[in-house]
Number of protein chains: 2
Amino acid sequence: MSVIFDISLSIGPDLVVWPGNPAPSLRPVMRCAAGQSSNVSELRLGTHTGTHVDPPSHFIDGGAGADELSLETLIGAASVLDLRAVSRSIGPDDLARAGLANGATRVLLKTTNSERWRERARAFSEDFVSLSPEGAQWLVARGVRLVGVDFLSVEAYGAPGHPTHHTLLGAGIVILEGLDLSAVPSGEFTLVCLPLKLEGGDGSPARAVLLRD
Amino acid sequence: MSVIFDISLSIGPDLVVWPGNPAPSLRPVMRCAAGQSSNVSELRLGTHTGTHVDPPSHFIDGGAGADELSLETLIGAASVLDLRAVSRSIGPDDLARAGLANGATRVLLKTTNSERWRERARAFSEDFVSLSPEGAQWLVARGVRLVGVDFLSVEAYGAPGHPTHHTLLGAGIVILEGLDLSAVPSGEFTLVCLPLKLEGGDGSPARAVLLRD
């Protein structure tokens with residue numbers, strides 16, 4: 001039997017969202033308390049809310065949507081790298097120092113951002129740890145297929161031109177954002193990241209777990 | 001490497017929904033075409049849309065929500081039973097005849113309903129194949145923990161009192177609805193069903209896959 005680590009954020013009205021993105025909400029459609037047979041709600045949330053994937057169409061008009069991401073990329077061996085010593089921007093030297101194995105396909109970057117989720121911080125903050133464009137290029141050169149980060153964006157807040165996103169998405173790398181890695185040690189796992197099969201979605205909320213035998 | 005079967009429905013405006021439930025929609029929030037840096041949307045959909053889980057709180061006020069369902073139940077060995085010979089209601093004899101293994105924990109019922117998805121039927125139809133209350137009791141007695149079906153409800157349309165739902169949810173069984181099993185043979189697999197971690201959700205859309213080595 002595997003140990004299952006849930007690395008997904010809870011979706012509720014208090015969840016921190018990116019500035020300008022709608023807060024998640026549930027609207028009652030049917031209620032037992034109103035004499036109806038069951039409880040049913042309508043969920044409203046941004047496509048980049050909480051734990052979510054960035055498909056190419058997030059930044060590239062005509063690019064693949066959330067429903068077109070390869071499940072073979074979203075499921076498989078993944079390395080959690082400990083980058084908690086990095087204060088702001090993760091570069092090539094940080095990634096090399098963290099000891100990424102040769103041939104690693106999926107990389108999850110554990111930083112001090114994860115502590116924000118543990119504290120259930122309710123306000124957005126611009127000073128999260130992010131991946132530099134050079135760090136993104138380094139991962140592309142290593143043949144990585146999926147990059148996961150523990151804040152709502154892989155990229156520094158307000159970065160002109162969004163070079164980290166464009167470098168990763170342009171290389172066909174799946175970006176997984178909004179992970180909570182606070183309870184996960186560094187090392188090797190099996191990742192299962194399942195976004196909704198959202199036709200043409202420019203992003204999609206996802207549930208992600210790490211499995212270890 | 002595993003073979004991955006995606007048994008989830010695509011979520012789009014044409015997806016058939018239960019009568020009275022809202023149709024899924026995407027509303028633009030940011031658009032590259034409008035000079036903004038990226039594409040972001042707001043997703044609106046019912047908690048029981050497409051492939052989704054029924055937690056106890058769907059029928060039982062105060063019952064566990066979608067975010068409280070055990071990942072240990074949602075992930076693990078699963079049996080796909082071929083019940084395509086059943087015309088309307090699956091009973092104990094049908095389940096016994098389909099050859100459910102002793103000790104099976106997760107059971108997915110493949111019926112002619114799955115052909116509806118392959119045809120991408122766009123109209124709701126009341127005459128889908130469902131699980132009888134006696135069939136549900138039989139599964140409870142066998143110690144099953146998760147039951148999956150290939151239409152939007154496990155229960156016959158308009159069944160007074162919803163005894164199949166109450167039998168399963170009352171026994172703590174997770175119900176997974178809206179599967180497309182048309183491309184999956186009967187037999188043994190590893191199921192990974194990941195609903196959104198929706199706080200207090202009376203249901204949640206999910207992505208579900210079957211893995212086979």
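**A two-fold pair of chains**

His162(B) is partly exposed, with 19 other C-beta atoms within 10 Å; a residue is called buried if 20 or more other C-beta atoms lie within 10 Å of its own, exposed if 12 or fewer, and partly exposed in between, with C-beta atoms placed from the backbone. The model is a predicted one, in which local features need pLDDT of at least 70 and side-chain atom pairs count only at pLDDT 80 or more, while totals for chains, interfaces and linings use all residues. Residues are numbered from 1 along each chain as its sequence is written, and chains are lettered from A and ligands numbered from 1 in the order in which they are written.

His162(B) sits in the loop between β9 (146-149) and α5 (163-170) of chain B; here helices (H or I, at least four residues) and strands (E, at least two) are DSSP runs, numbered from the N terminus. The backbone is worth a look at this point, for His162(B) has a positive phi of about 50 degrees although it is not a glycine. In the other chain, His162(A) also has a positive phi, near 50 degrees, and lies in the loop between β9 and α5 of chain A. His162(A) is partly exposed, with 19 other C-beta atoms within 10 Å.

Helix α5 of chain A spans residues 163-170, and its buried residues are Thr164(A), His165(A), Thr167(A), Leu168(A) and Leu169(A). The cover over these buried residues includes β4 (52-54), β8 (130-131), α4 (133-141), β9 (146-149) and β10 (174-177) of chain A. After α5(A) comes Gly172(A), with a positive phi near 80 degrees.

How is chain A built as a whole? Its secondary structure comes to five helices and twelve strands. The radius of gyration of chain A is 17 Å, close to the 17 Å that the globule rule gives for 213 residues, so chain A is as compact as a globular protein of that length; the radius is taken over C-alpha atoms, and the rule is 2.2 Å times the number of residues to the power 0.38. Along the principal axes, the C-alpha atoms of chain A fill a box of roughly 60 × 45 × 35 Å. Of the 213 residues in chain A, 51% are buried. Among contacts in chain A with a separation of 6 or more, 72% are between residues 24 or more positions apart, where a contact means that the C-beta atoms of two residues, placed from the backbone, lie within 7 Å.

Strand β5 (residues 75-82) of chain A has partners that include β11 and β7. With strand β11 (residues 187-195) of chain A, β5(A) runs antiparallel over six bridges, and Ala78(A) stands opposite Phe189(A). With strand β7 (residues 106-110) of chain A, the sense is parallel and there are four bridges; Leu81(A) stands opposite Leu109(A) in this pair. Strands are taken to pair if DSSP finds at least two bridges between them.Turning to the core, the largest nonpolar core has 112 residues, of which Val147(A), Ile175(A), Val147(B) and Ile175(B) touch the most other members. Such a core is a set of buried Ala, Val, Leu, Ile, Met, Phe, Trp, Tyr and Cys residues joined through C-beta atoms within 7 Å. Not counting residues up to four places away in sequence, Val147(B) touches Val107(B), Leu139(B), Val154(B), Leu168(B), Ile173(B) and Ile175(B). Elsewhere, Arg116(A) lies in helix α3 (residues 113-118) of chain A and is buried, with 20 other C-beta atoms within 10 Å.

The two chains can now be taken together. A rotation of 180 degrees with 0.0 Å of shift along its axis superposes chain B on chain A, with an RMSD of 0.0 Å. That is the relation of a two-fold axis; the superposition is by least squares on the C-alpha atoms of residues with pLDDT of at least 70 in both copies. Among the residues of chain B, Arg44(B) comes closest to the rotation axis, with its C-alpha at 2.3 Å.

At the interface, 47 residues of chain B are in contact with 47 residues of chain A. On the side of chain B that touches chain A, β1 (3-6), β2 (25-30), β3 (40-46), α1 (71-74), β11 (187-195) and β12 (204-212) of chain B each supply at least two residues. The largest share of that side, seven residues, comes from β3(B). By type, the residues of the side of chain B that touches chain A divide into 21 nonpolar, 16 polar and ten charged, with Ala, Val, Leu, Ile, Met, Phe, Trp, Tyr, Cys and Pro counted as nonpolar, Asp, Glu, Lys and Arg as charged, and the others, Gly among them, as polar. Of the interface residues of chain B, 100% are also interface residues in chain A, so the copies meet through the same surface. Strand β3 (residues 40-46) of chain A runs antiparallel to β3(B), and five bridges join them. In this pairing, Leu43(A) stands opposite Leu45(B).
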